[in-house]
Amino acid sequence: MHIADIAVSVFVVVIIVVSLLSNVVVLICFLYNQEIRKQVPGLFILNLTFCNLLLTVSNMPLTLVGLINKGNTGGNGFCQTVGFLDTFLTTNSMLSMGALSIDRWVAVVFPLNYHSRIRHRDAVIGLGYTWMHSLSFSTVATCFSWVGYHHLYASCTLCNARASGTRTQFIIYTVVLHSLTFLLTLIVLCVTYLKVLKVARFHCKRIDVITMQTLLLLVDIHPSVRQRCLDEQRQRRQRATKKISTFIGTFVVCFAPYVITRIFELFNLGQINPHWGVLSKCLAYSKAACDPFVYSLLRKQYRKTCSNLANKILKRSSFNSSTRMVENGMANDTNDTNNIKPTQ
């Protein structure tokens with residue numbers, strides 16, 4: 001194997017391990033915490049977690065095998081099934097991210113009317129649309145036999161070579177697919193999160209004005225307290241920007257290289273390095289490992305749930321070990337008593 005193939009294979013293994021563990025933790029938190037289950041965004045997060053887990057156990061290992069064996073290891077029917085899942089799960093996860101951004105926009109911009117604007121029924125309708133959207137595109141590709149093993153990406157996915165007889169239809173399909181998934185989701189993310197950032201900065205300015213007025217009135221305040229207030233004011237301004245940059249940045253960094261490579265290949269704009277093709281596919285896979293942290297595990301509610309679960313497990317194991325020690329001690333005392341011979 002080439003050293004680049006070894007590096008990419010290690011990268012895929014790391015993605016599989018991180019994605020599997022982090023998404024399972026999110027699923028456990030969702031099942032354990034009733035408050036998370038009651039929230040409307042919980043449905044979108046559950047759907048996103050489901051897509052990430054299925055992508056992790058179905059597509060990523062086959063890409064790893066393809067890298068090692070330098071070819072498709074399954075039959076044509078099996079590869080078409082995996083390719084169907086690749087299109088369906090990737091599209092579904094992108095649309096789920098867009099739905100989460102819309103939910104956050106409504107929660108921040110219309111906080112008083114949030115529960116009347118976004119209800120569980122609306123979330124179910126949104127999930128229904130994401131599933132119909134994803135199923136439509138993946139079914140069309142499978143029916144036209146456009147799905148197969150692609151050596152450039154070392155995975156079962158949309159394959160240009162299988163569309164030689166229907167070149168025009170395949171080009172239209174691919175452009176529409178990426179326009180209504182990647183491009184549409186990117187526009188929704190930018191519009192919603194930039195509006196959220198605008199509202200957050202407005203509230204930060206109001207808080208800053210109140211803070212400065214308070215500091216001017218409190219003449220006898222200790223300099224360390226004043227400096228701490230100024231530091232918190234600066235961190236408050238940066239916090240919202242960092243979060244918005246994380247939401248949009250991870251989406252662009254993970255998906256943009258793969259989509260651009262696809263378009264570049266579609267119109268034969270030049271020779272594509274096979275190592276770059278595999279790397280772009282792995283970057284798209286890495287979004288499944290990033291999503292649990294971006295949307296769930298870094299939030300206070302999920303951190304608290306994980307902490308409660310860890311404490312519960314540790315206390316139970318500590319209780320079991322202490323109970324076992326007590327039982328062993330009682331058994332030893334009983335044996336010692338039985339071994340004592342009565343005096344004549």
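Reader: Which residues have the most contacts inside the largest nonpolar core?

Author: A nonpolar core is a set of buried Ala, Val, Leu, Ile, Met, Phe, Trp, Tyr and Cys residues joined through side-chain atoms within 4.5 Å; buried means under 20% relative accessible area, exposed over 50%, and partly exposed in between (1.4 Å probe, protein chains only). Here the largest core has 41 residues, and those with the most contacts inside it are Phe-44, Phe-182, Tyr-193, Ile-244, Phe-251, Phe-255 and Tyr-295. The model is predicted: local features need pLDDT of at least 70, side-chain atom pairs count only at pLDDT 80 or more, and totals for chains, interfaces and linings use all residues. Residues are numbered from 1 along each chain as its sequence is written, and side-chain values use heavy atoms, with hydrogens and water left out.

Reader: Which element gives the largest share of this core?

Author: Helices (H or I, at least four residues) are DSSP runs, numbered from the N terminus. Helix 8 gives the largest share of the core, nine residues.

Reader: How many salt bridges does a search of the whole structure find?

Author: Side chains of opposite charge can pair when their charged atoms come close. A salt bridge is a side-chain nitrogen of Lys or Arg within 4 Å of a carboxyl oxygen of Asp or Glu, and the search finds four. One of them joins Asp-86 and Lys-281 (2.8 Å, N to O). This pair links distant parts of the chain, with Asp-86 in helix 4 and Lys-281 in helix 9, 195 residues apart.

Reader: Is Asp-86 buried or exposed?

Author: Asp-86 counts as buried because its relative accessible area is 4%. Lys-281, at 2%, is buried as well.

Reader: How many residues apart are Lys-287 and Asp-291 in helix 9?

Author: An α-helix has 3.6 residues a turn, so residues three or four places apart point the same way. Lys-287 and Asp-291 are four residues apart, about one turn of helix 9, and they form a salt bridge whose closest N and O atoms are 2.3 Å apart. Lys-287 is buried at 1% relative accessible area, and Asp-291 is buried at 2%.

Key
Helices (H or I, at least four residues) and strands (E, at least two) are DSSP runs, numbered from the N terminus.
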